[in-house]
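Okay, everyone, thanks for coming.

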Amino acid sequence: MVLNDSGREDAFFLSKAGLFEDENASCNAPEIAFEKRVLENLDEFTRTPITRDYSRDSSSACDDSSCPGSFSSGRQSSLSSEQLPGFCGLKLGVAVSGGADSVSLLVSVASISRRFSMPLKVCTVNHRIRTNGDSEGDVLFVRRLCQKIREYGCNIELFEKQLGEGEVSALSKKRKCGEEEAARFLRYQAFEEFKALYSLDFVLLAHNADDNLETILMRFLQGSFSSGIRPVRDFYVRPLITITRKEIEDYLNKKNIPWRTDMTNFNQEYFRNRVRSSLVPFLNQNFEGWGASVLNGADRYRKDEEHFEAVCAELPEPVFRSPEKIAYERNAVSALDDALLSRLFYESFNKLGILSRVPYRRIQEVLAAFLKNNAFEIVMKDVTFGFDLSTVYVKKTENVATESYFFAIIEETGVYNFPFGGLSVEKAAADGKCNLKSEYFRVENVSFPFVVRSVCNSDCIKASDGSERRAKSILSSWHIPAEKRSLVPVVIELKENKNIVRAILGSVLCDGKNWIVGAD
């Protein structure tokens, strides 16, 4: 099939062939079986957030005794009120891109809505990021499909969200994320607008079983395990989450319904596309049944996650919150274990709309310092987080050119973790002094309290002739690239009247490149 074949699309929209099955269609017909599974999922998912047994045979068709009837009679259902699915009294919207997944969702839900005389709202978003008119072509396709469904007696209304030219690219630059992530952010904003406009109870999304597997694999390769895509989250419901991409395409082909194909699906620069085109086929060929096993494992993990989320609901409330910063009272969170404290950070990232991924190792650095330091901070391009004497906080980073920045005040002996590795602070012979040891350097007779932080270009350190040298010139002479200098630590003694730079420790990047000033 030619991708996005306008001739095939025109033939479909001009055709008088039935879009929905007639009322005498066999309940065992594949199309009816598909729509029945969508109905079952829709009914179950809109009642309560649930978990599913993914090990069951997903291809089984309904039998005559269990089938609730034809999905397309075009008449008011003859079922009693006790038999009507729970969602019949709800206001439902469907997000449709024009791709196979969302088209199958729209057609099957339209068939269900038509059967039970329910109105249906549809949302499509034009991101304006595809060339050759493809983005506009998708919107036109969805518009024509809604019109065709309307001709079959379905009460359907379309909401088109047109993003501004270059809006995705601008957000990508502003938030320092990829265009794919920026487009997703704007798309979900449009869905929220869609929900509010029609006072919807739920917005239906078209994620399927293959999407779920790919997401789990992606998270695993990025260093975390995931329970996958939730069937229900907030007001979003995913009725296709137990249905495979093959079953979706089979359903549309049986009904001779075309769909649009996003050409970026073949772009190997996107992580998901590489997983889909390379890793998944390899697993299918070499590990029979791996998909069901992974989904079952994710299902079990989801139950643990849901319990953990219930516990997290009791986490302390912020003492300060703005669009730029969230802070919690330090004493209130001091009793939390590492798992809960890390979840507090991640939830705060989400609440602030931080799109960039924060590596768990950065979280670990803060957790390791929490019980030992008075203050500790990690600064990244988009987010700064850590704690001071009174609060634990997360805030958006402003005007920071480095990739990562660290800061800690140390007042006692112990082992401390930093981006450059572990730092052992040991008692020295003289009172109030300590020795600092790491795999890269040793600094002796440092006075408490002192700071270990990332070097700044403006830092000055004493030379042997009594003059001062700027850190910028020292780092340049050591040939340390500007983008890596934030990893170089400095040690600063906190005196009453003056802060003294005792060491610039370039050996974390270059062997033997340290500038250490002897103790007074």
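Let's start with strand E9, residues 375–380, which is mostly covered: 6 of its 6 residues are buried. Keep in mind that this is a predicted model. Which way do the side chains go? Ala375, Glu377 and Val379 point one way from E9, while Phe376, Ile378 and Met380 point the other way. And the residues on both sides of E9 are buried.

So what does E9 pair with? Its partner is strand E10, residues 383–387, and the two run in the antiparallel sense over 4 bridges. If you want one spot to look at, find Val379, which stands opposite Thr384 in E10. To get from E9 to E10, the chain goes through a hairpin of 2 residues.

Okay, on to charges. Side chains of opposite charge can pair when their charged atoms come close. How many salt bridges turn up here? Searching the whole structure gives 26. I'll show you a few.

Glu40 and Lys36 form a salt bridge, with their closest N and O atoms 2.1 Å apart. Both residues sit in helix H2, residues 30–45, and they are 4 residues apart, about one turn of the helix. Are the two buried or exposed? Lys36 is buried, at 9% relative accessible area, whereas Glu40 is partly exposed, at 32%.

Now for Arg143, which makes a salt bridge with Glu160; here the closest N and O atoms are 2.7 Å apart. Arg143 lies in helix H4, residues 134–151, and Glu160 in strand E3, residues 156–162, so this pair ties together parts that are 17 residues apart in sequence. Arg143 is partly exposed, with a relative accessible area of 39%, and Glu160 counts as partly exposed too, at 28%.

Stay on strand E3 for a moment, where we also find Lys161. Lys161 has a salt bridge to Glu193, and the closest N and O atoms are 3.0 Å apart. Glu193 is in helix H6, residues 179–198, so to speak a distant part of the chain, 32 residues from Lys161. Glu193 is partly exposed at 36% relative accessibility, and Lys161 is partly exposed at 24%.

Last one, and this time we go beyond pairs. Which residues are linked in a network of salt bridges? They are Asp210, Asp211, Glu214, Arg245, Arg272 and Arg276.

Terms used: Residues numbered from 1 in each chain as written. Predicted model: local features only at pLDDT ≥ 70, side-chain atom pairs only at ≥ 80, totals over all residues. Heavy atoms only, no water. Salt bridge = Lys/Arg side-chain N within 4 Å of Asp/Glu carboxyl O. Buried < 20%, exposed > 50% of the residue type's maximum accessible area, 1.4 Å probe, protein only. Pairing = 2+ DSSP bridges.
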